[in-house]
Amino acid sequence: MEHNLKGIDVKFPLGVLTVVTGVSGSGKSSLVGDILYPALFRRINESGDQPGTHKALSGNVDRISRVEYVDQNPIGRSSRSNAVTYLKVYDQIRALLSQQQFARINGFGPSTFSFNQDGGRCPECQGDGYVRIEMQFMADVTMLCESCGGKRFKPDVLEVRYRGRNIDDILNMSVDEAIGFFAAGPEEEAKAIADRLQPLVDVGLGYIKLGQSSSTLSGGESQRVKLAYFLSMSRNERKSERIMFIFDEPTTGLHFSDVAKLLASFDALLAAGHSIVVVEHNPDVIRSADWIIDLGPDAGDKGGEVVFAGTPEQLLQADTFTAKYI
């Protein structure tokens with residue numbers, strides 16, 4: 001593992017938003033992804049990948065109970081994984097459907113509405129909604145399942161309805177639509193589902209469908225689903241932990257209005273006592289930082305140095321490419 005960092009001493013304050021910035025190729029990913037994260041992980045868990053070459057990891061490290069690298073990798077390995085299964089909201093949706101009269105009469109439990117278990121899912125497509133036909137000399141062909149018509153469940157399971165909607169209808173709702181639908185339900189369980197979905201809106205994902213396969217999400221969308229998961233954790237779950245979250249360019253592909261939502265989500269994590277380190281070029285994120293680490297002065301062999309460390313106000317007085325940019 002090669003690094004172009006030149007014996008630098010870097011301070012990462014706890015409990016604040018730290019932005020690591022600088023020109024492309026200046027060593028940001030080497031510092032954060034190859035050294036800081038694996039070194040912290042090994043220190044906390046006494047196991048993990050070997051970090052890049054570094055002299056020491058010192059300071060109030062014991063105040064960090066966990067480190068999370070929130071990357072842009074897919075959120076699930078299965079084609080049936082989606083945002084609501086990742087946030088574990090689907091467990092609550094399945095439980096609510098199993099409480100409906102038709103489900104109780106037919107002995108349908110929460111597992112009946114799972115597309116990962118036999119019972120209620122379509123036996124032809126195994127809950128995928130489509131079938132893959134292997135071609136000998138060409139690329140495989142994916143076709144809509146003729147048995148369930150892409151609805152992923154058996155006909156009798158689709159007869160179970162909550163406020164007029166069956167499981168397929170619910171999975172085809174956008175997050176925004178689902179929040180309105182469940183919030184209007186009389187049951188506390190329904191309102192809890194709406195509350196648990198809200199973090200997806202908070203990170204700018206109100207437009208995705210509940211049942212949308214994780215394989216169709218972009219890297220940036222997958223990263224924000226992971227952020228929504230941490231936001232959805234109850235306050236009691238977060239009280240006992242002080243997590244350092246590390247993000248690598250989370251604003252990639254975001255509209256400027258969604259950047260504001262992302263920053264508000266960061267504020268919520270900070271308010272819960274966590275720390276955030278972000279590798280970022282976005283000027284709005286840089287201006288919102290509590291602490292900035294600017295690497296440079298240029299890229300490659302001419303990079304790898306801390307050319308500035310301080311507050312956004314102090315950066316404006318510095319003579320770096322980032323200072324001129326913002």
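**Figure 1. Glu124 lies in the loop between helix H4 (101-105) and strand S3.** Helices (H or I, at least four residues) and strands (E, at least two) are DSSP runs, numbered from the N terminus. This is a predicted model, in which local features need pLDDT of at least 70, side-chain atom pairs count only at pLDDT 80 or more, and totals for chains, interfaces and linings use all residues. Residues are numbered from 1 along each chain as its sequence is written, and side-chain values use heavy atoms, with hydrogens and water left out. Is Glu124 buried or exposed? Glu124 counts as exposed, because its relative accessibility is 53%; buried means under 20% relative accessible area, exposed over 50%, and partly exposed in between (1.4 Å probe, protein chains only). Not counting residues up to four places away in sequence, Glu124 touches Val131, Cys145 and Ser147, where contact means heavy atoms within 4.5 Å. Ser47 is 77 residues from Glu124 along the chain, and the C-alpha atoms of the two are separated by 43 Å.

**Figure 2. Ile133, Met135, Val141 and Met143 make a nonpolar surface patch of about 280 Å².** Patches are made of residues with over 30% relative accessible area and no salt bridge; like charges are joined within 9 Å, and nonpolar side chains (Val, Leu, Ile, Met, Phe, Trp, Tyr) within 5 Å. Accessible areas come from the Shrake-Rupley method with a 1.4 Å probe, and for residues only the protein chains shown count as cover. Ile133 belongs to strand S3 (residues 130-133). Ile133 is partly exposed because its relative accessible area is 36%.

**Figure 3. Helix H1 (residues 28-45) has a kink of about 30 degrees at Leu36.** The kink comes shortly before the proline Pro38; the bend at a residue is the angle between axes fitted to the seven residues ending there and the seven starting there. H1 has 18 residues and reaches 24 Å from its first C-alpha to its last, close to the 26 Å expected at 1.5 Å a residue. The expected span of a helix is 1.5 Å times one less than its number of residues. Among the buried residues of H1 are Leu31, Val32, Ile35, Leu36, Pro38 and Leu40. Just after H1, Glu46 takes a positive phi of about 60 degrees.

**Figure 4. Helix H9 (residues 219-232) is mostly covered.** How many of the 14 residues of H9 are buried? The number is 12, and the buried residues include Val225, Leu227, Phe230 and Leu231.

**Figure 5. Arg66, Glu68 and Glu241 are linked in a network of salt bridges.** A salt bridge is a side-chain nitrogen of Lys or Arg within 4 Å of a carboxyl oxygen of Asp or Glu, and the structure holds 11 of these. The closest N and O atoms of Arg66 and Glu68 are 2.8 Å apart. Arg66 is partly exposed, with a relative accessible area of 22%, and Glu68 is partly exposed, also with 22%.

**Figure 6. A salt bridge joins the side chains of Asp118 and Arg121 (3.0 Å, N to O).** Asp118 is exposed because its relative accessible area is 62%, whereas Arg121 counts as buried because its relative accessibility is 9%. Another salt bridge links Asp319 with Lys324, with the closest N and O atoms 3.7 Å apart. Asp319 and Lys324 are both exposed.

Figure 7. Most residues other than glycine have a negative phi, and most peptide bonds are trans. Lys88 is partly exposed, with a relative accessible area of 46%, whereas Arg152 is buried, with 11%.
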